[in-house]
Amino acid sequence: AALRVGADSTAAGRPAGAVTMEITRPDGAPDIRRVTTELPPGLAGSLKGVPVCPEAPANAGACPADTLVGAVGALAGGGEAPVALSGTVALTGPVDGGLAGLAIAIPGRVGPVDLGTVVVRASIGLRPDGGLSVRTRPMPALVGGVPVSIRRLTFSFNRPGFILNSSSCAPQRIAAVLEGSDGSQATATAPYQAGDCAGLAFAPRL
């Protein structure tokens with residue numbers, strides 16, 4: 001598996017702009033069933049001012065526009081002609097004991113065929129080291145009776161001010177733990193390092 005991460009800005013302690021994470025499964029590997037993303041301490045999402053999508057629309061994939069925090073893209077199918085799908089990511093209340101949650105909704109429309117909207121819920125939890133873990137629930141193996149094989153997942157958290165960079169400029173990493181349909185696990189990592197720490201405001205308090 002491979003992980004690529006990009007951000008509009010890596011300025012320490014300041015908004016990162018759009019942050020994109022792309023997870024790729026190599027040909028011949030088991031289908032992806034669950035993804036856990038481990039963010040380094042300090043790289044976090046700001047929930048301030050973001051409305052929460054209620055449970056009913058979250059489970060139906062119909063969250064209001066003002067609750068959206070990003071977009072998702074998926075490349076599904078085997079062979080030389082995979083299908084590109086796109087959807088939304090919305091903020092929800094706590095999921096599976098986490099601090100908050102996400103509703104990832106991907107409409108299953110392929111040409112004139114509509115297989116319905118796939119909704120995958122995810123939890124946002126806090127680790128003892130201060131970093132965040134974002135863990136999805138199992139992804140469906142079938143959509144509308146059709147087998148689903150995801151080859152690439154791309155998450156773009158593009159709500160202005162939602163992702164804040166770490167205030168530390170030490171080298172860190174982002175990890176994605178992929179669980180396969182056969183129970184196997186694979187971990188992919190990507191480097192992360194905030195910069196311009198000299199630009200941080202100096203505001204000591206006693």
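Visitor: Which strand do 6 bridges join to β2, and how do the two run?

Guide: That is strand β12, covering residues 150-157, and the two strands run antiparallel. One thing to know from the start is that this is a predicted model.

Visitor: Thanks! Which residue in β12 is the bridge partner of E22?

Guide: T154 in β12 is the bridge partner of E22.

Visitor: And β1, how does that run with β2?

Guide: β1 and β2 are antiparallel as well, with 6 bridges joining them. To find a spot where they meet, look at A7, whose bridge partner in β2 is V19.

Visitor: Let's switch to charges. How many salt bridges are there?

Guide: The structure holds 11 of them. One is formed by R14 and D196, with their closest N and O atoms 3.2 Å apart. That pair links distant parts of the chain, since R14 sits in the loop between β1 (2-7) and β2 (19-24), while D196 is in the segment after β15 (185-192), 182 residues apart.

Visitor: What does R34 meet in a salt bridge?

Guide: R34 meets E179, and the N to O distance is 3.7 Å. This pair also links distant parts of the chain: R34 belongs to strand β3 (residues 32-38) and E179 to strand β14 (residues 172-180), 145 residues apart. R34 has a relative accessibility of 17%, so this residue counts as buried.

Visitor: How do β3 and β14 pair?

Guide: They pair in the antiparallel sense, over 6 bridges. If you want a place to look, T36 has V177 in β14 as its bridge partner.

Visitor: What about β14 and β15, how many bridges join those?

Guide: There are 8 bridges between β14 and β15, and the strands run antiparallel. A176 has A188 in β15 as its bridge partner.

Visitor: What do β14 and β15 form, and which residue in the turn has a positive phi?

Guide: They form a hairpin with 4 residues between the strands. The residue in the turn is G183, and its phi is about 90 degrees.

Visitor: Now the rings. How many aromatic pairs does the count come to?

Guide: The count comes to 2 aromatic pairs. One of them is F155 with F157, which is stacked: the centres are 6.5 Å apart and there are 15 degrees between the planes.

Visitor: Are F155 and F157 buried or exposed?

Guide: Both are buried. Ring pairs also link F155 and F157 with F162 into a cluster.

Visitor: New topic: how much space lies in the second largest pocket?

Guide: About 280 Å³.

Visitor: How many residues line the second largest pocket, and which lie nearest its centre?

Guide: The lining has 18 residues, and L39, G45, L132, V134 and I163 lie nearest the centre. At least two lining residues come from each of β2, β4 (44-45), β7 (100-110) and β9 (132-136).

Visitor: What classes of residue does the lining of that second largest pocket have?

Guide: It has 16 nonpolar and 2 polar residues, with no charged ones.

Visitor: Last one: where is A58?

Guide: A58 has its place in helix α1 (residues 55-60). Its relative accessible area is 0%, so A58 is buried.

Visitor: How far is A58 from A90 in space?

Guide: They are 7.8 Å apart, C-alpha to C-alpha, while in sequence they are 32 residues apart.

How values were computed: Residues numbered from 1 in each chain as written. Predicted model: local features only at pLDDT ≥ 70, side-chain atom pairs only at ≥ 80, totals over all residues. Heavy atoms only, no water. Salt bridge = Lys/Arg side-chain N within 4 Å of Asp/Glu carboxyl O. Buried < 20%, exposed > 50% of the residue type's maximum accessible area, 1.4 Å probe, protein only. Phe/Tyr/Trp six-rings, centres within 6.5 Å; stacked < 30°, edge-to-face > 60°. Pairing = 2+ DSSP bridges. 1 Å grid on protein atoms, 1.4 Å probe; cavity = no way out; pocket = protein on both sides within 12 Å on 5 of 7 lines; lining within 4 Å. Points joined across faces, edges and corners; volume = space filled by probe spheres on them. Nonpolar A, V, L, I, M, F, W, Y, C, P; charged D, E, K, R; others polar.
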